[in-house]
Amino acid sequence: MEFPATFLTIWTIERFGRKWTTLGGMILACAASILGVVFRMHQDYVYDGYWVMTVIMAMLSKGCITLSFSGVWVWSNELFPTVVRNTGMGTTNGLARIGSFMSGYIIWLTRIHPLIPYAIFATLAFLASCACLLLPETTGRPTQEVISEAQAPVQQLELSDTTDKSVVVRNKNLV
């Protein structure tokens, strides 16, 4: 699932932007996990076809998380100002690896109840997508150089169109 999701990420980032690619991937992963729970509830450990849909929903969720994860890498590079970008990306990478490490152990919770891993993954994807709504879109904007640019309110940014149809962002406080 990683291979097609990576190419889909490239297309969606260019078409919809960094924020909506990441947000959409997490929302779709949440929905696929919830549908996986619904199909799993109909399974009675006999071959009745529902297990196929459970696997499909799990793979769809995995692909959507890959889409979102790739979008986060591009987006977070543009969110951090240059002076703290290495520290921010290192911290982000470390926390992502801790989450990847823990996900292998969440699967073992099926011994308690088969729906717990799906519920945990769906809940975390939903909470992460809600957190993404608080961050600004960075498509078409130059990366921030200093922390004071990051602290400027979004309303003070003015878009102006140049002759070559590229978008330039100018901060009224810095001009």
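**A chat about the chain**

Reply: Happy to! Let's start inside: E78 and R18 are both buried, where buried means under 20% relative accessible area, exposed means over 50%, and partly exposed is in between (1.4 Å probe, protein chains only). This is a predicted model, in which local features need pLDDT of at least 70 and side-chain atom pairs count only at pLDDT 80 or more, while totals for chains, interfaces and linings use all residues. Residues are numbered from 1 along each chain as its sequence is written, and side-chain values use heavy atoms, leaving out hydrogens and water.

Me: Okay, what do the side chains of E78 and R18 do together?

Reply: They meet in a salt bridge, at 2.9 Å from N to O. A salt bridge here is a side-chain nitrogen of Lys or Arg within 4 Å of a carboxyl oxygen of Asp or Glu. The pair links distant parts of the chain, with E78 in helix α3 and R18 in helix α2 (residues 18–41), 60 residues apart.

Me: How many salt bridges does the structure hold?

Reply: Two. In the K62 and E2 salt bridge, the closest N and O atoms are 2.6 Å apart. That pair also links distant parts of the chain: K62 sits in helix α3 and E2 in helix α1, 60 residues apart.

Me: Let's zoom out. Which elements does the chain have?

Reply: It has six helices and two strands, running α-α-α-α-α-α-β-β from the N terminus on. Helices (H or I, at least four residues) and strands (E, at least two) are DSSP runs, numbered from the N terminus.

Me: And how much of the chain is buried?

Reply: Buried residues make up 29% of its 175 residues.

Me: What about T21, is it buried or exposed?

Reply: T21 is buried, with a relative accessible area of 2%, and it lies in helix α2. Leaving aside residues up to four places away in sequence, T21 touches T9, T12, I13 and L67, a contact being heavy atoms within 4.5 Å. A polar atom of the T21 side chain also lies 3.4 Å from the backbone nitrogen of I13.

Me: New topic: the surface. Which residues make the nonpolar patch?

Reply: M1, W51, V52, V55, I56 and M59 make a nonpolar surface patch of about 490 Å². Patches use residues with over 30% relative accessible area and no salt bridge, joining like charges within 9 Å and nonpolar side chains (Val, Leu, Ile, Met, Phe, Trp, Tyr) within 5 Å. Areas come from the Shrake-Rupley method with a 1.4 Å probe, and for residues only the protein chains shown count as cover.

Me: Where is I56?

Reply: I56 is in helix α3 (residues 50–79), and it counts as partly exposed at 43% relative accessibility.

Me: And F3, buried or exposed?

Reply: F3 is exposed, with a relative accessible area of 63%. You'll find F3 in helix α1 (residues 2–16).

Me: Last one: what is the mean pLDDT of the chain?

Reply: The mean is 80, and 80% of the residues reach 70 or more; pLDDT is the predictor's confidence in each residue, from 0 to 100. Over residues 155–175, though, pLDDT stays under 50.

Technical notes
Polar contact = N/O pair within 3.5 Å; in protein donor to acceptor, adjacent residues only side chain to side chain.
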